[in-house]
Structures are given as structure tokens and as C-alpha cells.
Amino acid sequence: MVGPALTSVAIVGGGPGGLGTAIALSELPFLKVTLYEKNTEPREAGAGISLSRNAWRVLDLLGASNGVKGGSKSNTHQRNAYTGKILNITQHPETSAADPHGSIRARRTRLQSALLSRVPEGLIHFGKKVVSLENVSGQGVRLVFQDQTEAIADIVVGADGIHSVVRRTLFPDHQLHFTGNTAFRVLIPKSRLAHIPDITTTTSWWWGEAGHVYLSDVDDEEETEDPFFEITVRFYCEPEVPGKTVFWGVPASNEKVGSRVETFDQRIRDAISAVTEGEWREFATFAGPRLNKITDWNKVALIGDASHPLSGAFGSGATFAMEDGWILARALELTRFASRPTRDALGIFEQIRSPYYAKMYQHLDDIRDKTQRLLAEATDFDVILQAKIDTFLYGDKDFIYQNDIKKVWEDYLAAEQTGL
Ligand SMILES: Cc1cc2nc3c(=O)[nH]c(=O)nc-3n(C[C@H](O)[C@H](O)[C@H](O)COP(=O)(O)OP(=O)(O)OC[C@H]3O[C@@H](n4cnc5c(N)ncnc54)[C@H](O)[C@@H]3O)c2cc1C
């Protein structure tokens, strides 16, 4: 006997968003899910990733929390990059009954492996770079790959990151630009930094005029013999290189990174020169106008960085992407028997997630305005720096770090039932 036809879903991109979506959607028996990833094997170029309560909540729902271990972020110092003076200390309880994992920074590969282990075998097709998409009337979406093969899917999830081809197809007027802001990132054995005072004892931010340095554990010392440590150097005034602006995970020389922090505290310069030549990776950040709409064609949804290029703001983008995938799964499950199930599901996804991103952008606008006001009034660097740190730490961000995506869904259902 032939059963009802399955709805086919093509996920484009196997980052945290695509993998999280693949896990959530593969649990729905009425869907046939395929993920297309352009890399020929799992690859994760970044260094560390911060995971807070919002992340654990969605990872728990995806059954992927267990393997993700990292270093605690319970003690974080903000410092003047030139003098090392401590300007702020944030201390959080490491863990609690309600939050057993606490706030950690983990190697990005740990998150990736945990998610990959939950994706059913055969679902991911590597080496499949999507180069174009076409809305085929009455049929779904045709995906064309670089290797000149094609696939048709009823629903497409654009999880292909900030330079998303899916977004460019739906919204061709949306243009990204290089922000001038580059992150140089590396993981280094902690033992190689142990001789430098104050470098490995806390998570720390060292703030300068045209850049900052971030240092953090990324390993759980109880399970790792030779734990690694992350150094990220952010420089805000990187020149644009004609014809080559998408530096993403490309090697950078020690000289290049060192030149961005020449006037910083000796401890920072020592930490940076402890890195073996060839290990730094450079990531150029891009930004674009926010999208008011993250679905289109009644068949396509954008998730994660494809829908909201936040350039690392809030340090929680991987979680936002996984939350998107989980909500999309709930919406498809709910509307399964509706007369136009996909259209309704995408409508719900849009209704829940777009206002959430709007709130984030509003928060960033508020910070920008506040910073500009403070900078207009101050001339002394110490005052400017304190203002910068205050605005960096500014405002109630519980709507991000405490977000409970399951509750968000339950609240949506409750509001629907009462007709709110
Ligand atoms: C400097 C920096 C620091 C950050 N720190 C943090 C942090 O601490 N915590 C955190 O949560 N987030 C952090 N982020 C943000 C986080 O990295 C992203 O938000 C997150 O990776 C987004 O996940 P994604 O799945 O949407 O996209 P991505 O991770 O970009 O994944 C996209 C995937 O799609 C694939 N792909 C792209 N194009 C195609 C195509 N045409 N066809 C097929 N496959 C394709 C790519 O190979 C990739 O695997 C940071 C970002 C930056 C820039």
C-alpha cells in the first residue's frame, strides 16, 4: 500500500542552524529532509563559541547537550588594553539546579560534533554548493548545484550563513558591505600562555581605541589534559582589499595580527607572540540592512545568519539559528493538516521569529545611540572607555540569554487558543 506523499524539505547549509533544523525536522515523519552543504566534509573554521542558558535549552530539545563541554565564563574582566587596568568584573554562579551547564565557551567543533551526532545518517549531502534557486509554479523550488546537478524540494530552508545565496535570490536588493571590522582568531595550548601574568586566569576583554582582544578558556580542564585557550583580536579599521573582501577563515601572519596591537599592554603582546606562525585565522565581518521578512514564495524560510547578519553581536548567533530551526519544526508539525500547510507554517515562523530579531536590532540601535551621546560628551580616553564598557554591558539582555524557546512556543499556542 502506498502511504501519503512526504513533503520534501531541502536545507541549504550545514552550520549550527542547518544541523539544528535537520535534527528537529527529521523527527517529523511526514517530511523527507535533505541537507546540502558546500564543503566536502564537516568543517568549522572558527575558534570558540559562547553558550548560555538559551543555548542549553535548545540543545536539550535537540538532544545535543551532552557532548558539548567547555571552559566556564563565570568570571569575566573588562580591562584597559594599554594599561591592563580592570574596569569591570562580572561574576556569575558557575551552575545551578535550574542551569546545570552554566555559561561556557567551547570549541566550535564540539558544538558541531554534538549536532552532527544527532543528524540521521545519509541526510547530509556534502560537496553540494547551491548556486541558484527557482520558484517552479505548482512544483516547489528547483535547486541548482555547482556540479550542475539539480534537486526539487517542496520547502527550502536557507541556512547558508551571512553570504546566503538563498537570501540573495529572494531579496536581490539586499546588499552586504564590509564593516571594516575583522576578527583574528586562534586556539592555543593554555600551557604556552601560563607564564604571562593575568592572561589565563579569567575570561577577559582588553579594550583599545581601534580594537579589542578577547581571551577565554575553551576546554573543560577536568576532561582535557592539555586544555586550549582562545585569543581573538578584533580590529575595527581594517582596510578593504580590492577584489578580495571575503576573508573568512583564511590564514593571517603573526606580523599582521601583532601590528593591530602594537601599543597594547605587554601581556597582550606576549600572548599574541606565543602563537605559532600560520595558526591565526582572519574573519572579515559584513553587515547589511535588516530584513523585515524572512520567508518568501510560501515555500522558503531563511534562518540564522542568512536572515539576520548580526556580525557576532550578542555572541549568540548559533543559538538563534538553532532556535529558528526548532520553531520551524513546531510550525510545520502544527499546520500539517491545514489546507495550505507550508504557507501557514511559514506564516507562524515569521510571526514568532521576526519580532524577536526586531527586538535585537532595536537593542543594538539603542546601544549605538547611547554610545554616540556619551562619546560626544567625553574627550578623555578613560572616560570614553568606561562609557564603551558600560554600553557594551548595557541593558537587560535576559530576552536573549535566558530565552526559553519551548516556552515561546507554548505561549504562542496559548495565545492562539484564547484568540489573542
Ligand atoms: C567574530 C564572530 C564571533 C562570534 N561568536 C559567537 C559566539 O560566541 N556564540 C555564538 O553563538 N555565535 C557567535 N557568532 C555568530 C555565529 O558564528 C553565527 O551566528 C552562526 O555560525 C550562524 O550559524 P548559521 O548556521 O546560520 O550559519 P553558518 O555557521 O555561517 O553556516 C552556514 C553553512 O552554510 C554553508 N553554505 C554556505 N553557502 C552555501 C551554499 N551556497 N550551498 C551549500 N552550503 C552553503 C557553509 O559552508 C556553512 O557550513 C560569532 C560570529 C562572529 C563573526
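View 1. A backbone N or O atom of Val130 is 3.0 Å from a nitrogen atom of the ligand. Glu37 places a polar side-chain atom 2.6 Å from an oxygen atom of the ligand, and a polar side-chain atom of Arg108 is 2.7 Å from an oxygen atom of the ligand. The protein covers 88% of the 1,000 Å² of accessible area that the ligand has on its own. A polar contact is a pair of N or O atoms within 3.5 Å; within protein, one must be able to donate a hydrogen and the other to accept it, and residues adjacent in sequence count only if both atoms are side-chain atoms. Accessible areas come from the Shrake-Rupley method with a 1.4 Å probe, and for residues only the protein chains shown count as cover. This is a predicted model, in which local features need pLDDT of at least 70 and side-chain atom pairs count only at pLDDT 80 or more, while totals for chains, interfaces and linings use all residues. Residues are numbered from 1 along each chain as its sequence is written, and side-chain values use heavy atoms, with hydrogens and water left out.

**View 2. The shell around the ligand.** There are 34 residues around the ligand (a heavy atom within 4 Å); Glu37, Arg105, Arg108, Asp305 and Gly315 come nearest. By class, the shell has 11 nonpolar, 13 polar and 10 charged residues. Here Ala, Val, Leu, Ile, Met, Phe, Trp, Tyr, Cys and Pro count as nonpolar, Asp, Glu, Lys and Arg as charged, and the others, Gly among them, as polar. Elements that each supply at least two residues of the shell include helix 1 (16–26), strand 2 (31–37) and helix 7 (317–334). Helix 7 gives the most, with 3 residues. Helices (H or I, at least four residues) and strands (E, at least two) are DSSP runs, numbered from the N terminus. Domain 1 (7–65 + 103–175 + 290–386 + 395–417) and domain 2 (177–287) each provide at least three residues of the shell; the bounds come from an automatic or database domain assignment.

View 3. Two strands pair if DSSP finds at least two bridges between them. Strand 14 (residues 203–207) and strand 15 (residues 211–217) run antiparallel and are joined by 4 bridges. Ser204 stands opposite Leu215 in strand 15.

**View 4. The sheet of 3 strands.** Strands in the order 9-10-11 form an open sheet with antiparallel pairing. Strand 10 (residues 140–145) pairs with strand 11 over 4 bridges, and Val141 stands opposite Ala153 in strand 11.
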